Amino acid sequence: MAARLTLLGGFELLRDGEHVALSTSAQRLLAFMALRERPLQRSFVAGSLWLDSPEERAAANLRSSLWRLHGCGVQLVNCLGPQLALDPGLVVDLREAEQLAHHTLDRTNGDDLDVDASLLSLDLLPDWYDDWVVYERERFHQLRLRALDALCGRLADAGRLDGALEIGLAAVADDPLRESSHRAVVRVHLADGNFAEAIRQYQLCRRLLNEHLGVEPSERMKELVRSVETVR
């Protein structure tokens, strides 16, 4: 049976397209394993997921969560003696998104522009606050925004300005204080001859950076609009 794990935008496990209900502890265990691409020692998994529990209690919690996972009717985590490993047949959307992001950032793939950018539009488990999730979420957040900036620029260079603008504005909405995303949008407007829109985007970026960070846009940003406005 085909199983797919969704971690972007929220947790969901599907088996042949149908939702599979899991307990909170089983969800945490599966997500923890999915964020790592190698087998892990049972003691490490138990200690990471149940930090405040004694070693024996943490091990018991792990056994209980594994039992719940094994009872859902699809193989998800393999027990390899003292180690645990995510079943290789489980498809994880995060891995697909990471591959797409790296593919987009690879300059040798410049002509490959027809990609599903929706995979790069969501953060990892946004409502989870475990430390091991927060670190991975920030890492993926930066990766996907870099990929969106790159895709916006490549679409603009190829003359596909509507698509470039859509991607660029999505990146800005996702992180309004990220200057590189604003720069990408400014470039699209300039390429389309929309100088007033380019200036408005610059001014929005400048206001946000001033209000929230107390800084001015970079010289790279100012240089983009010098030809159509005297930058103060």
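**View 1. R183 is buried in this predicted model, with a relative accessible area of 10%.** Here buried means under 20% relative accessible area, exposed means over 50%, and partly exposed falls in between (1.4 Å probe, protein chains only). R183 pairs with E179 in a salt bridge whose closest N and O atoms are 2.6 Å apart; the term covers a side-chain nitrogen of Lys or Arg within 4 Å of a carboxyl oxygen of Asp or Glu. E179 is buried too, at 12%. Both residues sit in helix 7 (residues 179-191), 4 residues apart, about one turn of the helix. Helices are DSSP runs (H or I, at least four residues), numbered from the N terminus.

This is a predicted model, where local features need pLDDT of at least 70 and side-chain atom pairs count only at pLDDT 80 or more, while totals for chains, interfaces and linings use all residues. Residues are numbered from 1 along each chain as its sequence is written, and side-chain values use heavy atoms, leaving out hydrogens and water.

**View 2. E98 and R139 meet in a salt bridge, with the closest N and O atoms 2.5 Å apart.** E98 belongs to helix 4 (residues 93-105) and R139 to helix 5 (residues 131-157), so their pairing ties together parts 41 residues apart in sequence. E98 counts as buried at 8% relative accessibility, whereas R139, at 31%, is partly exposed.

**View 3. R226 and E219 join their side chains in a salt bridge (3.0 Å, N to O).** R226 is partly exposed at 39% relative accessibility, and E219 is partly exposed at 48%.

**View 4. Helix 1 (residues 24-34) is largely enclosed by the rest of the structure, because 8 of its 11 residues are buried.** Among them are L29, L30, F32 and M33.

Terms used:
Helix = DSSP H or I, 4+ residues; strand = E, 2+ residues; numbered from the N terminus.
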